[in-house]
Amino acid sequence: MPLTVAQLTELLLESYEREGGTNHVDGTHLPSKHAVAAIAVDLLCLLFPGFFDERPVHSSEVGDVASALLHSVLARLENEIRKSLKYAAANQPGDTDPPKAAHALTRRFLGNLPRIREILRTDTDAAFNGDPAAFSREEVIVAYPCIEAIAVQRLAHELYLENIPLIPRIMTEWAHSRTGIDLHPGARIGTHFFIDHGTGTVVGETAVIGNQVKLYQGVGLVAKSLAAGQALRGQKRHPTLEDRVTVYAGATIIGGDTIVGAGSTIGASVFLTRSVPANSLVVPEATRMKVTQKYSQESDGFDYQI
């Protein structure tokens with residue numbers, strides 16, 4: 001006979017008791033993933049008025065629309081931040097008053113939106129100017145996944161810098177699930193950042209990215225090894241890309257000591273484990289041999305840093 005609901009419930013309750021660590025019953029209330037995702041959508045509407053809204057926004061009403069949305073986001077985000085701070089206090093007791101701190105942190109965060117908009121304008125310009133397939137900046141904002149992923153990362157980064165637990169990662173993983181682009185909220189990213197196509201691109205927590213950097217799909221800025229686990233927390237584990245670096249599809253750059261010098265180009269499918277100086281061209285060995293043979297006959301004088 002099929003199991004009854006009562007029997008199914010009993011099986012689940014037995015599992016809850018047996019498996020332990022996968023439960024959060026009677027624990028401090030965690031922030032809601034659904035609420036944080038909804039807040040992220042509204043924050044995108046505030047950053048890009050008229051682009052992410054359900055209906056057209058006229059200039060005559062933009063002030064009222066922004067004010068109403070700010071009131072809503074302020075209340076909901078403050079509530080989620082309060083939950084996060086209570087969670088942190090339960091795990092690391094301190095002198096913080098979660099309700100009071102959440103109120104101040106939320107208002108400070110929302111006060112940063114104009115500055116974030118300024119940076120996002122440079123990202124939009126980089127995408128439009130760097131992609132001949134882009135019809136307009138409007139197309140870039142409304143259609144390119146990199147803009148949404150970068151915008152959410154820049155928002156989450158502000159919360160990360162405030163040491164707010166859980167919410168920044170929920171935000172960027174939400175963007176990851178929508179765009180295929182995995183940008184950790186801890187990564188430090190400069191202006192004019194463009195990720196072309198973007199699917200499968202991963203940027204780790206301690207990565208540092210300079211200005212005018214361009215990445216393609218499948219690029220990984222990752223750690224050399226995570227075998228030490230939590231012992232690596234707080235250490236520089238991911239690479240640094242200086243200004244005007246381009247990294248082509250499928251390249252992997254690893255290690256916290258690895259620095260890619262300004263103006264360098266990392267070719268497709270490169271696996272880079274050490275630093276390279278400014279203005280380097282790094283390509284796979286097999287590609288280097290073929291291209292060197294071709295251009296040696298034409299005396300173009302190409303130099304390669306492997």
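Predicted model: local features only at pLDDT ≥ 70, side-chain atom pairs only at ≥ 80, totals over all residues.
**View 1. Thr179, a buried residue in helix H8.** Thr179 sits in helix H8, which covers residues 167-179. Its relative accessible area is 9%, so Thr179 counts as buried. The Thr179 side chain picks up the backbone oxygen of Ala175 at 2.8 Å and also gets to the backbone nitrogen of Ile181 at 3.1 Å. Skip the neighbours within four places in sequence, and Thr179 still touches Pro145, Glu148 and Ala149.

**View 2. Glu162 paired with Arg108.** Searching the whole structure turns up 9 salt bridges, and one of them joins Glu162 to Arg108, with 2.8 Å between the closest N and O atoms. Glu162 is in the loop between helix H7 (145-161) and H8, while Arg108 is in helix H4 (residues 98-111), so the bridge ties together parts 54 residues apart in sequence. Both ends are partly exposed: Glu162 at 29% and Arg108 at 42% relative accessibility.

**View 3. Arg137 meets Asp125.** Here the two side chains form a salt bridge, 2.8 Å from N to O. Arg137 belongs to helix H6 (residues 137-143) and Asp125 to helix H5 (residues 113-130), so this pair links parts 12 residues apart in sequence. Arg137 is partly exposed, at 36% relative accessible area.

**View 4. Glu205 and Arg237, loop to loop.** These side chains meet in a salt bridge at 2.7 Å, N to O. Glu205 lies between strand E4 (202-203) and strand E5 (208-209), and Arg237 between strand E7 (220-222) and strand E8 (240-241), so the contact ties together loops 32 residues apart in sequence. With a relative accessible area of 14%, Arg237 is buried.

Terms used
Residues numbered from 1 in each chain as written. Heavy atoms only, no water. Helix = DSSP H or I, 4+ residues; strand = E, 2+ residues; numbered from the N terminus. Buried < 20%, exposed > 50% of the residue type's maximum accessible area, 1.4 Å probe, protein only. Polar contact = N/O pair within 3.5 Å; in protein donor to acceptor, adjacent residues only side chain to side chain. Contact = heavy atoms within 4.5 Å. Salt bridge = Lys/Arg side-chain N within 4 Å of Asp/Glu carboxyl O.
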